[in-house]
Amino acid sequence: TSREWRTGKTESELREMKSRGEELRSLLLGNECIELVGCHDAMGAKLIEEAGFKAAFFSGFAFSASRLGMPDVGVATYSEMADAGRDVCQAVKIPVVGDGDTGYGGTLNVRRTVKGFARAGFAAVSIEDQCFPKRCAYANGVQVVGLEEAQERIQAAIRARDESRDDGYDILLIARTDRLKVKDARPREEVLGETIQLCQRFQEAGADIVYAEGLANREEMELINRSLRVPTMLAQVERPNVHVHSAREAGAMGFRLSLRGVTLLNCYIAAVKQTLQAIKNEEQISTEPGRSFLLPFDELYQSVGFNEAYEWERSSVAHRPSQGGGTSK
């Protein structure tokens, strides 16, 4: 068939190939909690894959900082995230989870976001219950919509997920709530109970994964996992006096995904600041292993893909059809 000619695979072989969504689903069925490291571009995703991680996360926080030079306060748009996310997904073979924020508006916007992320190549997309425009969960002024609107938003996302699957684009839906990050005069136990109730609604609606932002301690983390049957995700940020749980520790509490969304962005900014200061001070910057945070140039050359590109060019020449052999009229 023409499709077999284009891909070198039969229709049967193509049907057996795992989609990114299927690959993530298989990981969730395993025995380990999957470590998700956040990236803001294709190079970061490639480095995550080369380091041996089984999945990556395309972070809205990191993207807004790197692409726009702005904080994650709802200024990054759907089209910007989808376009950049497509490059990230195409750069790697591992599943990539996309940060879909609130879905960027009403239920039709949510539908467009989920279906667009699926076409971009994401294995999963997260949709949350913050008010639009949203902001980073660690920013001031976080607000969430009411319980019914939150449920309607996730139901719209689930419908869009199912439509995407019908169209041949397999994607998982991560239903997220930020209710624990809102300043609330009510007792913590009441807000936590409401959060768990909403997570259970997400589960019953058909979400593939549920994620509650702002869990404060091990007791809350274990409680939410006892209250749910679907896979759950834990998100963590390195901050003073905060213990960051390893993926193994998160797994022991019942989580299936452990996210470090902005760790690489933090490393990037720290390294850039140190380098700029060294240049400003007219210091010689070493590239010797163990003496600098800079790579030897040969390793930089390799990391960005020159050697692979040269090898592909050589193989293309080797597979070039021989000239002649045709007939003329």
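Because the model is predicted, local features are taken only where pLDDT is at least 70 and side-chain atom pairs only at pLDDT 80 or more, while totals for chains, interfaces and linings use all residues. Residue numbers start from 1 along each chain as its sequence is written, and side-chain values rest on heavy atoms, with hydrogens and water left out.

The C-alpha atoms fill a box of roughly 85 × 60 × 35 Å along the principal axes. Of the 329 residues, 42% are buried (buried is under 20% relative accessible area, exposed is over 50%, and partly exposed lies in between, using a 1.4 Å probe and protein chains only). The chain exposes about 18300 Å², and carbon and sulfur atoms supply 51% of that area, as worked out by the Shrake-Rupley method with a 1.4 Å probe. Taking a contact as heavy atoms within 4.5 Å, 65% of the contacts between residues at least 6 apart in sequence join residues at least 24 apart. As for charge, there are 42 positive and 48 negative charges, and their mean positions are 2 Å apart. Here Lys and Arg count as positive and Asp and Glu as negative, with His and the chain ends not counted; each charge is placed at NZ of Lys, CZ of Arg, CG of Asp or CD of Glu.

Helix H9 gives a view of the packing. This helix runs over residues 188-205, and its 18 residues reach 26 Å from first C-alpha to last, close to the 26 Å expected at 1.5 Å a residue (the expected span is 1.5 Å times one less than the number of residues). Its buried residues include Val 191, Leu 192, Ile 196, Leu 198 and Phe 202, along with Glu 194 and Gln 203. The buried residues of H9 pack against helices H8 (147-166) and H10 (218-226) and against strands E5 (172-177) and E6 (209-212). Just after H9, Gly 206 takes a positive phi of about 120°.

Another helical spot is Ser 303, which sits in helix H13 (residues 297-303). Ser 303 counts as buried because its relative accessibility is 15%. Leaving aside residues up to four places away in sequence, Ser 303 touches Met 43, Lys 46, Glu 50 and Leu 295.

Next come the charged pairs. Side chains of opposite charge can pair when their charged atoms come close. The structure holds 29 salt bridges, each being a side-chain nitrogen of Lys or Arg within 4 Å of a carboxyl oxygen of Asp or Glu. One of them pairs Glu 32 with Lys 54 at 3.4 Å, N to O. That pair links distant parts of the chain, 22 residues apart: Glu 32 is in the loop between helix H3 (20-28) and strand E1 (34-39), and Lys 54 in the loop between helix H4 (42-50) and strand E2 (56-58). Glu 32 is partly exposed at 49% relative accessibility, and Lys 54 is partly exposed at 41%.

Within helix H6 (residues 78-91), Arg 86 and Asp 83 are 3 residues apart, so about one helical turn separates them. Their side chains meet in a salt bridge of 3.3 Å, N to O. Arg 86 is partly exposed at 30%, as is Asp 83 at 41%.

Arg 111 and Glu 163 also form a salt bridge, at 2.8 Å, N to O. This pair links distant parts of the chain, with Arg 111 in helix H7 (residues 107-120) and Glu 163 in helix H8, 52 residues apart. Arg 111 is partly exposed at 36%, and Glu 163 is partly exposed at 21%. Elsewhere, salt bridges that share partners join Arg 25, Arg 161, Asp 162, Arg 165, Asp 170 and Asp 208 into one network.

Finally, the backbone. Most residues other than glycine have a negative phi, and most peptide bonds are trans. A cis peptide bond, with omega about 0°, joins Phe 132 and Pro 133; Pro 133 is in the loop between strand E4 (124-128) and H8. Asp 101 has a positive phi of about 50° although it is not a glycine. Asp 101 lies in the loop between strand E3 (96-99) and H7 and counts as buried, at 6% relative accessibility. Asn 241, also not a glycine, has a positive phi near 60°. Asn 241 is in the loop between strand E7 (232-235) and helix H11 (247-252) and is exposed, at 84%.

Conventions. Helix = DSSP H or I, 4+ residues; strand = E, 2+ residues; numbered from the N terminus.
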